[in-house]
Amino acid sequence: MSVVDVLLGLQWGDEGKGKIVDHLAHDYQVIARFQGGPNAGHTLYHNGVKIVLHHIPSGVFHPHIVNFIGHGVVIDAGTLKNEILKIDGTDVDVRPKLFIAKKAHLILPTHKMLDSAKEQAKGKDKIGSTLRGIGPTYTDKASRCGLRVGDVLRSDFEERYQAAKARHLKQIANIIAVDQLDFDLEAEEARWRDGIETLCQLQLVDGEYFLHQRLEAGQKVLAEGAQGTMLDIDLGTYPFVTSSNTIAAGSCNGLGISPRYIDRVYGVTKAYCTRVGNGPFPTNLDNEEGEAIRQAGGEFGATTGRPRDCGWIDLPALKYAVMVNGVTDLVMTKVDILSGFESVKACVAYSWNGDRTEELPYDLCMQGIEPIYQSFPGWGDNLNSYANLDVLPDTLSNYIDFLENYLKVKISILSVGPNRDELILAANEAVA
Ligand code: GDP
Ligand code: IMO
Ligand code: MG
(Lines give C-alpha, C1' and ligand atoms only; values in the text may rest on other atoms or scores of the structure.)
(Ligands and ions follow the chains in the order given, each with its own letter.)
Protein backbone atom coordinates (compact mmCIF):
# COMPACT_ATOMS: atom_id res chain seq x y z
CA MET A 1 0.00 0.00 0.00
CA SER A 2 1.33 3.45 -0.91
CA VAL A 3 1.82 5.26 2.34
CA VAL A 4 3.58 8.30 3.67
CA ASP A 5 3.98 8.56 7.43
CA VAL A 6 5.22 11.80 8.93
CA LEU A 7 7.49 12.31 11.94
CA LEU A 8 7.87 15.79 13.39
CA GLY A 9 8.64 17.79 16.51
CA LEU A 10 5.80 19.04 18.70
CA GLN A 11 7.72 21.62 20.73
CA TRP A 12 10.52 24.09 19.90
CA GLY A 13 12.80 21.58 18.16
CA ASP A 14 15.46 19.16 19.41
CA GLU A 15 12.85 16.70 20.68
CA GLY A 16 15.03 13.76 19.57
CA LYS A 17 13.47 13.35 16.11
CA GLY A 18 16.69 11.99 14.58
CA LYS A 19 16.94 9.11 17.03
CA ILE A 20 13.30 8.11 16.51
CA VAL A 21 13.57 8.23 12.69
CA ASP A 22 16.63 5.99 13.00
CA HIS A 23 14.57 3.55 15.09
CA LEU A 24 11.55 3.53 12.75
CA ALA A 25 13.61 3.37 9.54
CA HIS A 26 13.53 -0.45 9.27
CA ASP A 27 9.86 -0.20 8.29
CA TYR A 28 10.34 2.17 5.32
CA GLN A 29 12.08 2.20 1.94
CA VAL A 30 12.49 5.97 1.68
CA ILE A 31 13.13 8.67 4.29
CA ALA A 32 12.47 12.19 3.04
CA ARG A 33 13.32 15.52 4.68
CA PHE A 34 10.63 18.05 3.74
CA GLN A 35 11.61 21.47 5.12
CA GLY A 36 14.19 23.49 7.03
CA GLY A 37 17.88 23.29 6.30
CA PRO A 38 21.15 23.22 8.22
CA ASN A 39 19.50 25.06 11.11
CA ALA A 40 18.50 21.50 12.04
CA GLY A 41 20.83 19.23 13.98
CA HIS A 42 19.56 15.66 14.30
CA THR A 43 21.73 13.48 16.54
CA LEU A 44 22.27 9.76 15.98
CA TYR A 45 24.61 7.15 17.36
CA HIS A 46 26.03 4.70 14.83
CA ASN A 47 28.38 2.00 16.10
CA GLY A 48 28.79 4.09 19.25
CA VAL A 49 29.86 7.20 17.31
CA LYS A 50 27.78 10.37 17.59
CA ILE A 51 26.77 11.91 14.26
CA VAL A 52 24.80 15.13 13.83
CA LEU A 53 22.89 15.42 10.56
CA HIS A 54 21.78 18.75 9.13
CA HIS A 55 20.26 17.95 5.71
CA ILE A 56 20.57 14.22 5.23
CA PRO A 57 17.61 12.19 6.55
CA SER A 58 18.18 10.24 9.74
CA GLY A 59 17.70 6.74 8.26
CA VAL A 60 21.03 6.97 6.49
CA PHE A 61 22.70 4.26 8.58
CA HIS A 62 20.23 1.59 7.45
CA PRO A 63 21.65 -0.04 4.32
CA HIS A 64 18.29 -0.49 2.55
CA ILE A 65 17.12 3.13 2.90
CA VAL A 66 16.85 5.67 0.09
CA ASN A 67 17.58 9.16 1.45
CA PHE A 68 15.68 11.97 -0.22
CA ILE A 69 16.04 15.71 0.36
CA GLY A 70 12.79 17.30 -0.80
CA HIS A 71 12.32 20.66 -2.52
CA GLY A 72 10.96 22.21 0.71
CA VAL A 73 14.48 22.03 2.18
CA VAL A 74 17.00 24.86 1.74
CA ILE A 75 20.49 23.56 1.12
CA ASP A 76 23.91 24.87 2.10
CA ALA A 77 26.16 22.98 -0.32
CA GLY A 78 29.25 23.49 1.89
CA THR A 79 27.54 22.02 4.96
CA LEU A 80 26.08 19.18 2.89
CA LYS A 81 29.55 18.32 1.61
CA ASN A 82 30.93 18.18 5.17
CA GLU A 83 28.03 16.00 6.23
CA ILE A 84 28.76 13.57 3.39
CA LEU A 85 32.45 13.50 4.34
CA LYS A 86 31.51 12.68 7.95
CA ILE A 87 29.39 9.75 6.78
CA ASP A 88 32.21 8.68 4.44
CA GLY A 89 34.22 8.08 7.62
CA THR A 90 31.75 5.34 8.67
CA ASP A 91 30.86 2.00 7.07
CA VAL A 92 28.08 3.61 5.00
CA ASP A 93 28.42 4.79 1.40
CA VAL A 94 25.80 7.53 1.29
CA ARG A 95 26.23 8.87 -2.28
CA PRO A 96 24.48 6.04 -4.19
CA LYS A 97 21.51 6.31 -1.80
CA LEU A 98 21.17 10.10 -1.69
CA PHE A 99 18.75 11.95 -3.99
CA ILE A 100 18.11 15.69 -3.99
CA ALA A 101 15.12 17.51 -5.46
CA LYS A 102 16.16 19.97 -8.16
CA LYS A 103 13.52 22.41 -6.93
CA ALA A 104 15.16 22.78 -3.48
CA HIS A 105 16.52 26.30 -2.96
CA LEU A 106 20.20 27.03 -2.44
CA ILE A 107 21.53 28.94 0.55
CA LEU A 108 24.17 31.35 -0.78
CA PRO A 109 27.03 32.78 1.32
CA THR A 110 25.38 36.21 1.16
CA HIS A 111 22.13 34.72 2.55
CA LYS A 112 24.11 33.87 5.68
CA MET A 113 25.63 37.33 5.69
CA LEU A 114 22.15 38.87 5.38
CA ASP A 115 20.94 36.69 8.26
CA SER A 116 23.73 38.08 10.46
CA ALA A 117 23.10 41.67 9.33
CA LYS A 118 19.36 41.44 10.03
CA GLU A 119 19.86 39.84 13.43
CA GLN A 120 22.52 42.37 14.44
CA ALA A 121 20.27 45.25 13.40
CA LYS A 122 17.37 43.89 15.46
CA GLY A 123 19.37 44.25 18.68
CA LYS A 124 17.38 43.01 21.68
CA ASP A 125 14.48 41.95 19.42
CA LYS A 126 16.56 39.45 17.49
CA ILE A 127 15.06 36.02 16.76
CA GLY A 128 18.12 34.13 17.97
CA SER A 129 18.54 32.61 14.50
CA THR A 130 21.13 29.89 13.94
CA LEU A 131 22.56 32.31 11.31
CA ARG A 132 22.59 29.57 8.70
CA GLY A 133 20.87 31.82 6.13
CA ILE A 134 17.48 30.15 6.47
CA GLY A 135 15.25 33.28 6.66
CA PRO A 136 16.88 35.13 3.72
CA THR A 137 16.82 32.01 1.52
CA TYR A 138 13.10 31.38 2.10
CA THR A 139 12.54 35.14 1.63
CA ASP A 140 14.14 34.97 -1.85
CA LYS A 141 12.08 31.87 -2.61
CA ALA A 142 8.86 33.72 -1.73
CA SER A 143 10.10 36.81 -3.62
CA ARG A 144 10.65 34.58 -6.66
CA CYS A 145 14.32 35.41 -7.04
CA GLY A 146 16.04 32.41 -5.42
CA LEU A 147 18.53 30.00 -6.97
CA ARG A 148 17.62 26.34 -6.97
CA VAL A 149 19.61 23.11 -6.94
CA GLY A 150 18.67 22.43 -10.59
CA ASP A 151 20.23 25.75 -11.57
CA VAL A 152 23.73 24.40 -10.88
CA LEU A 153 23.39 22.49 -14.16
CA ARG A 154 22.69 25.64 -16.22
CA SER A 155 25.45 27.30 -18.19
CA ASP A 156 24.56 30.73 -16.75
CA PHE A 157 24.71 29.60 -13.10
CA GLU A 158 27.72 31.81 -12.30
CA GLU A 159 26.00 34.87 -13.80
CA ARG A 160 22.86 34.17 -11.77
CA TYR A 161 24.96 33.74 -8.65
CA GLN A 162 26.81 37.03 -9.21
CA ALA A 163 23.48 38.86 -9.74
CA ALA A 164 22.05 37.44 -6.49
CA LYS A 165 25.26 38.26 -4.62
CA ALA A 166 25.23 41.88 -5.87
CA ARG A 167 21.58 42.24 -4.88
CA HIS A 168 22.27 40.85 -1.40
CA LEU A 169 25.30 43.11 -0.86
CA LYS A 170 23.12 46.13 -1.64
CA GLN A 171 20.51 44.92 0.83
CA ILE A 172 23.17 44.39 3.49
CA ALA A 173 24.63 47.87 2.95
CA ASN A 174 21.16 49.28 3.60
CA ILE A 175 21.00 47.48 6.94
CA ILE A 176 24.47 47.78 8.43
CA ALA A 177 28.03 48.87 7.53
CA VAL A 178 29.75 45.74 6.20
CA ASP A 179 32.83 46.30 8.41
CA GLN A 180 30.57 45.96 11.47
CA LEU A 181 29.78 42.39 10.52
CA ASP A 182 31.90 39.51 11.70
CA PHE A 183 31.62 37.59 8.42
CA ASP A 184 34.42 36.34 6.16
CA LEU A 185 32.68 36.36 2.78
CA GLU A 186 35.73 35.18 0.88
CA ALA A 187 36.20 32.12 3.06
CA GLU A 188 32.46 31.35 3.00
CA GLU A 189 32.43 31.64 -0.77
CA ALA A 190 35.37 29.25 -1.14
CA ARG A 191 33.63 26.72 1.13
CA TRP A 192 30.38 27.11 -0.81
CA ARG A 193 31.99 26.71 -4.25
CA ASP A 194 33.62 23.54 -3.02
CA GLY A 195 30.20 22.35 -1.90
CA ILE A 196 28.60 23.22 -5.23
CA GLU A 197 31.22 21.11 -6.99
CA THR A 198 30.22 18.15 -4.81
CA LEU A 199 26.52 18.88 -5.32
CA CYS A 200 26.97 18.69 -9.12
CA GLN A 201 28.19 15.10 -8.71
CA LEU A 202 25.20 13.99 -6.63
CA GLN A 203 21.91 12.56 -7.91
CA LEU A 204 19.70 15.57 -8.61
CA VAL A 205 16.16 14.52 -9.44
CA ASP A 206 12.67 15.74 -10.28
CA GLY A 207 11.55 15.04 -6.75
CA GLU A 208 7.81 14.80 -7.30
CA TYR A 209 8.23 12.06 -9.94
CA PHE A 210 10.97 10.40 -7.94
CA LEU A 211 8.69 9.97 -4.91
CA HIS A 212 5.52 9.11 -6.82
CA GLN A 213 7.24 6.36 -8.77
CA ARG A 214 8.28 4.80 -5.49
CA LEU A 215 4.85 5.23 -3.94
CA GLU A 216 3.20 3.67 -6.98
CA ALA A 217 5.58 0.73 -6.65
CA GLY A 218 4.16 0.22 -3.14
CA GLN A 219 7.11 1.61 -1.20
CA LYS A 220 6.65 3.26 2.20
CA VAL A 221 7.97 6.75 2.80
CA LEU A 222 8.71 8.38 6.15
CA ALA A 223 8.69 12.19 5.93
CA GLU A 224 11.13 13.65 8.46
CA GLY A 225 10.43 17.11 9.84
CA ALA A 226 12.93 19.56 11.24
CA GLN A 227 12.47 22.13 14.03
CA GLY A 228 9.13 21.84 15.82
CA THR A 229 5.50 22.93 15.68
CA MET A 230 6.04 25.96 17.92
CA LEU A 231 8.64 27.19 15.39
CA ASP A 232 6.26 26.87 12.41
CA ILE A 233 6.11 30.09 10.38
CA ASP A 234 2.29 30.21 10.53
CA LEU A 235 1.35 28.39 13.72
CA GLY A 236 4.37 28.91 15.97
CA THR A 237 5.23 31.74 18.34
CA TYR A 238 5.51 34.30 15.53
CA PRO A 239 7.76 36.21 14.94
CA PHE A 240 10.10 34.00 17.00
CA VAL A 241 9.86 31.11 14.55
CA THR A 242 11.76 29.66 11.63
CA SER A 243 10.80 30.39 8.01
CA SER A 244 9.14 27.15 6.92
CA ASN A 245 6.06 25.04 7.65
CA THR A 246 7.23 22.49 10.16
CA ILE A 247 3.79 20.90 10.66
CA ALA A 248 2.46 17.71 9.03
CA ALA A 249 0.89 19.67 6.15
CA GLY A 250 4.39 20.98 5.33
CA SER A 251 5.31 17.48 4.18
CA CYS A 252 2.83 17.76 1.27
CA ASN A 253 4.25 21.16 0.22
CA GLY A 254 7.83 20.17 0.73
CA LEU A 255 7.70 16.83 -1.06
CA GLY A 256 5.00 17.40 -3.68
CA ILE A 257 2.68 14.67 -2.42
CA SER A 258 -1.07 14.64 -1.95
CA PRO A 259 -2.49 14.60 1.61
CA ARG A 260 -4.35 11.41 0.67
CA TYR A 261 -1.08 9.46 1.00
CA ILE A 262 -0.56 10.41 4.63
CA ASP A 263 -1.34 7.76 7.21
CA ARG A 264 0.38 7.98 10.59
CA VAL A 265 1.72 11.16 12.11
CA TYR A 266 4.39 10.57 14.77
CA GLY A 267 4.66 13.57 17.08
CA VAL A 268 7.82 13.72 19.17
CA THR A 269 7.94 15.54 22.50
CA LYS A 270 10.49 15.61 25.26
CA ALA A 271 9.32 14.70 28.77
CA TYR A 272 10.06 18.35 29.54
CA CYS A 273 10.51 21.41 27.36
CA THR A 274 13.48 23.23 25.85
CA ARG A 275 13.94 26.22 23.61
CA VAL A 276 17.06 27.65 22.01
CA GLY A 277 17.01 31.17 20.59
CA ASN A 278 14.64 33.94 21.66
CA GLY A 279 10.89 34.16 22.06
CA PRO A 280 8.19 33.20 24.55
CA PHE A 281 8.56 30.03 26.59
CA PRO A 282 5.94 30.02 29.38
CA THR A 283 7.37 27.14 31.42
CA ASN A 284 10.99 28.30 31.25
CA LEU A 285 12.76 27.70 34.58
CA ASP A 286 15.35 30.41 34.96
CA ASN A 287 16.55 28.84 38.22
CA GLU A 288 18.36 25.86 39.75
CA GLU A 289 15.68 23.41 38.60
CA GLY A 290 16.13 24.56 34.98
CA GLU A 291 19.89 24.28 35.35
CA ALA A 292 19.50 20.76 36.78
CA ILE A 293 17.48 19.71 33.70
CA ARG A 294 19.99 21.38 31.35
CA GLN A 295 22.95 19.57 32.90
CA ALA A 296 21.20 16.20 33.22
CA GLY A 297 19.84 16.41 29.66
CA GLY A 298 22.99 17.87 28.09
CA GLU A 299 20.78 20.61 26.72
CA PHE A 300 23.19 22.42 24.44
CA GLY A 301 22.36 22.96 20.74
CA ALA A 302 23.46 20.23 18.29
CA THR A 303 24.01 22.88 15.59
CA THR A 304 25.27 25.94 17.45
CA GLY A 305 26.30 24.60 20.88
CA ARG A 306 24.16 27.30 22.58
CA PRO A 307 22.67 26.40 26.00
CA ARG A 308 18.97 25.56 25.63
CA ASP A 309 16.44 27.12 28.02
CA CYS A 310 14.74 24.34 29.99
CA GLY A 311 11.39 24.00 31.75
CA TRP A 312 8.52 21.64 32.56
CA ILE A 313 6.36 20.13 29.85
CA ASP A 314 3.76 22.58 28.49
CA LEU A 315 0.53 20.65 27.90
CA PRO A 316 -1.64 23.42 26.39
CA ALA A 317 1.10 23.97 23.78
CA LEU A 318 1.45 20.22 23.26
CA LYS A 319 -2.32 19.75 22.87
CA TYR A 320 -2.32 22.50 20.25
CA ALA A 321 0.54 20.77 18.42
CA VAL A 322 -1.29 17.42 18.53
CA MET A 323 -4.37 19.16 17.08
CA VAL A 324 -2.73 21.03 14.19
CA ASN A 325 -0.66 18.01 13.14
CA GLY A 326 -3.33 15.34 13.60
CA VAL A 327 -0.87 13.28 15.64
CA THR A 328 -1.75 9.57 15.67
CA ASP A 329 1.26 8.34 17.69
CA LEU A 330 2.97 10.24 20.45
CA VAL A 331 6.65 9.62 21.17
CA MET A 332 8.08 10.89 24.47
CA THR A 333 11.87 11.20 24.65
CA LYS A 334 14.36 11.90 27.44
CA VAL A 335 12.13 10.33 30.08
CA ASP A 336 15.35 9.08 31.73
CA ILE A 337 16.45 12.67 32.36
CA LEU A 338 13.59 13.21 34.84
CA SER A 339 14.45 9.99 36.71
CA GLY A 340 16.58 11.97 39.15
CA PHE A 341 13.67 14.22 40.21
CA GLU A 342 11.58 13.43 43.31
CA SER A 343 8.59 15.05 41.71
CA VAL A 344 7.93 16.37 38.22
CA LYS A 345 5.56 19.06 37.09
CA ALA A 346 3.38 19.60 34.04
CA CYS A 347 1.82 22.89 32.98
CA VAL A 348 -1.87 22.00 32.62
CA ALA A 349 -3.28 25.48 31.83
CA TYR A 350 -2.31 29.13 31.63
CA SER A 351 -3.68 31.91 33.77
CA TRP A 352 -4.07 35.17 31.92
CA ASN A 353 -5.83 38.31 33.18
CA GLY A 354 -7.31 36.22 35.98
CA ASP A 355 -8.79 33.64 33.56
CA ARG A 356 -7.73 30.01 33.24
CA THR A 357 -7.35 28.61 29.76
CA GLU A 358 -6.08 25.40 28.21
CA GLU A 359 -5.86 27.06 24.79
CA LEU A 360 -2.84 28.77 23.33
CA PRO A 361 -3.41 32.54 23.24
CA TYR A 362 -3.03 34.45 19.94
CA ASP A 363 0.34 35.76 21.05
CA LEU A 364 2.33 33.93 23.72
CA CYS A 365 4.55 37.04 23.96
CA MET A 366 1.74 38.93 25.72
CA GLN A 367 2.51 40.02 29.26
CA GLY A 368 1.05 38.18 32.22
CA ILE A 369 0.63 34.65 30.84
CA GLU A 370 1.50 32.34 33.73
CA PRO A 371 1.67 28.55 33.72
CA ILE A 372 -0.54 26.61 36.16
CA TYR A 373 1.27 23.44 37.24
CA GLN A 374 0.23 20.05 38.51
CA SER A 375 2.84 17.94 40.36
CA PHE A 376 3.38 14.22 39.98
CA PRO A 377 5.59 11.87 42.02
CA GLY A 378 8.84 11.06 40.17
CA TRP A 379 9.80 7.57 38.96
CA GLY A 380 13.43 7.65 40.11
CA ASP A 381 14.44 4.44 38.43
CA ASN A 382 16.74 2.98 35.79
CA LEU A 383 14.21 2.78 32.99
CA ASN A 384 16.38 0.68 30.69
CA SER A 385 15.31 -2.47 32.50
CA TYR A 386 11.61 -2.16 31.55
CA ALA A 387 10.61 -4.48 28.70
CA ASN A 388 7.49 -2.69 27.45
CA LEU A 389 4.96 0.03 28.18
CA ASP A 390 2.73 -2.33 30.19
CA VAL A 391 5.25 -2.91 32.96
CA LEU A 392 6.42 0.58 33.89
CA PRO A 393 6.83 1.82 37.48
CA ASP A 394 3.36 2.86 38.79
CA THR A 395 4.34 6.51 39.11
CA LEU A 396 5.41 6.71 35.44
CA SER A 397 2.36 4.71 34.34
CA ASN A 398 0.03 7.11 36.14
CA TYR A 399 1.83 10.10 34.66
CA ILE A 400 1.47 8.66 31.15
CA ASP A 401 -2.23 7.93 31.73
CA PHE A 402 -2.67 11.55 32.73
CA LEU A 403 -0.87 12.83 29.61
CA GLU A 404 -2.81 10.52 27.29
CA ASN A 405 -6.09 11.62 28.82
CA TYR A 406 -5.19 15.28 28.53
CA LEU A 407 -3.85 15.04 24.98
CA LYS A 408 -6.35 12.44 23.72
CA VAL A 409 -3.65 10.46 21.93
CA LYS A 410 -1.68 7.35 22.87
CA ILE A 411 2.03 7.30 23.63
CA SER A 412 3.52 4.52 21.50
CA ILE A 413 7.23 4.97 22.21
CA LEU A 414 9.20 6.13 25.26
CA SER A 415 12.84 6.98 24.74
CA VAL A 416 15.04 6.47 27.79
CA GLY A 417 18.56 7.18 26.54
CA PRO A 418 20.41 8.51 23.49
CA ASN A 419 21.28 5.14 21.94
CA ARG A 420 19.25 3.42 19.25
CA ASP A 421 17.99 0.60 21.47
CA GLU A 422 17.19 2.72 24.55
CA LEU A 423 13.45 2.64 23.91
CA ILE A 424 10.37 1.25 25.62
CA LEU A 425 7.71 0.17 23.12
CA ALA A 426 4.17 -1.15 23.32
CA ALA A 427 4.08 -4.83 24.33
CA ASN A 428 3.18 -6.00 20.79
CA GLU A 429 6.05 -4.02 19.24
CA ALA A 430 8.74 -4.55 21.89
CA VAL A 431 11.76 -6.58 20.87
CA ALA A 432 12.75 -9.07 23.55
P1 GDP B 1 16.44 16.51 17.07
O2 GDP B 1 16.90 17.80 16.47
O3 GDP B 1 14.97 16.52 17.36
O4 GDP B 1 16.84 15.32 16.27
O5 GDP B 1 17.16 16.39 18.48
P6 GDP B 1 18.70 16.77 18.81
O7 GDP B 1 19.59 15.74 18.23
O8 GDP B 1 18.98 18.19 18.48
O9 GDP B 1 18.68 16.74 20.38
C10 GDP B 1 18.31 15.60 21.10
C11 GDP B 1 19.46 15.22 22.04
O12 GDP B 1 19.00 14.30 23.00
C13 GDP B 1 20.60 14.51 21.32
O14 GDP B 1 21.79 14.78 22.01
C15 GDP B 1 20.22 13.03 21.47
O16 GDP B 1 21.35 12.18 21.42
C17 GDP B 1 19.62 13.03 22.85
N18 GDP B 1 18.55 12.06 23.09
C19 GDP B 1 17.54 11.67 22.26
N20 GDP B 1 16.67 10.88 22.92
C21 GDP B 1 17.14 10.76 24.18
C22 GDP B 1 16.67 10.09 25.36
O23 GDP B 1 15.61 9.46 25.38
N24 GDP B 1 17.42 10.22 26.49
C25 GDP B 1 18.57 10.93 26.53
N26 GDP B 1 19.24 11.01 27.67
N27 GDP B 1 19.05 11.58 25.44
C28 GDP B 1 18.34 11.51 24.30
P1 IMO C 1 16.04 20.72 14.90
O2 IMO C 1 15.57 20.17 13.56
C3 IMO C 1 15.86 23.97 17.80
C4 IMO C 1 15.42 28.02 16.20
C5 IMO C 1 16.57 28.99 16.36
C6 IMO C 1 15.81 30.30 16.43
C7 IMO C 1 14.67 30.09 15.45
C8 IMO C 1 14.93 30.64 14.06
O9 IMO C 1 17.41 20.29 15.26
O10 IMO C 1 15.01 20.45 15.95
P11 IMO C 1 16.56 30.02 12.05
O12 IMO C 1 17.97 29.58 12.02
O13 IMO C 1 15.59 29.05 11.49
O14 IMO C 1 16.37 31.40 11.50
O15 IMO C 1 16.20 30.19 13.62
O16 IMO C 1 14.49 28.69 15.36
N17 IMO C 1 15.77 26.75 15.54
C18 IMO C 1 15.85 25.57 16.18
N19 IMO C 1 15.74 25.28 17.48
N20 IMO C 1 16.04 22.98 16.90
C21 IMO C 1 16.12 23.26 15.58
O22 IMO C 1 16.16 22.30 14.63
C23 IMO C 1 16.08 24.62 15.17
N24 IMO C 1 16.15 25.24 13.98
C25 IMO C 1 15.95 26.55 14.22
O26 IMO C 1 17.29 28.72 17.54
O27 IMO C 1 15.23 30.45 17.71
MG1 MG D 1 18.27 19.35 16.87
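Which residue has a polar backbone atom 2.7 Å from an oxygen atom of ligand 2? That residue is Asp-14. This is a predicted model, where local features need pLDDT of at least 70, side-chain atom pairs count only at pLDDT 80 or more, and totals for chains, interfaces and linings use all residues. Residues are numbered from 1 along each chain as written, chains are lettered from A and ligands numbered from 1 in written order, and side-chain values use heavy atoms, without hydrogens and water.

**Ligand 2**
- Around ligand 2 there are 20 residues, each with a heavy atom within 4 Å of the ligand.
- The nearest are Asp-14, Lys-17, His-42, Thr-130 and Thr-242.
- Thr-130 places a polar side-chain atom 2.5 Å from an oxygen atom of ligand 2.
- Gln-227 has a backbone N or O atom 2.8 Å from an oxygen atom of ligand 2.

**Ligand 1**
- Ligand 1 is surrounded by 20 residues, and Gly-16, Lys-17, Thr-43, Asp-336 and Ser-415 are the closest.
- The side chain of Asp-14 has an N or O atom 2.9 Å from an oxygen atom of ligand 1.
- A polar backbone atom of Gly-18 is 2.9 Å from an oxygen atom of ligand 1.
- A nitrogen atom of ligand 1 lies 2.8 Å from a polar side-chain atom of Asp-336.

**Helices 3 and 4**
- Helices here are DSSP runs (H or I, at least four residues), numbered from the N terminus.
- Helix 3 spans residues 109–122, and helix 4 spans residues 134–142.
- Their axes (lines fitted to C-alpha atoms over the stretch in contact) come within 7 Å and cross at roughly 115 degrees.
- The two helices are therefore roughly perpendicular (65 to 115 degrees).

Technical notes:
Axes are lines fitted to C-alpha atoms, for helices over the stretch in contact, and angles run from 0 to 180 degrees between N-to-C directions. Angles under 35 degrees count as roughly parallel, over 145 as roughly antiparallel, 65 to 115 as roughly perpendicular and the rest as oblique. A polar contact is a pair of N or O atoms within 3.5 Å; within protein, one must be able to donate a hydrogen and the other to accept it, and residues adjacent in sequence count only if both atoms are side-chain atoms.
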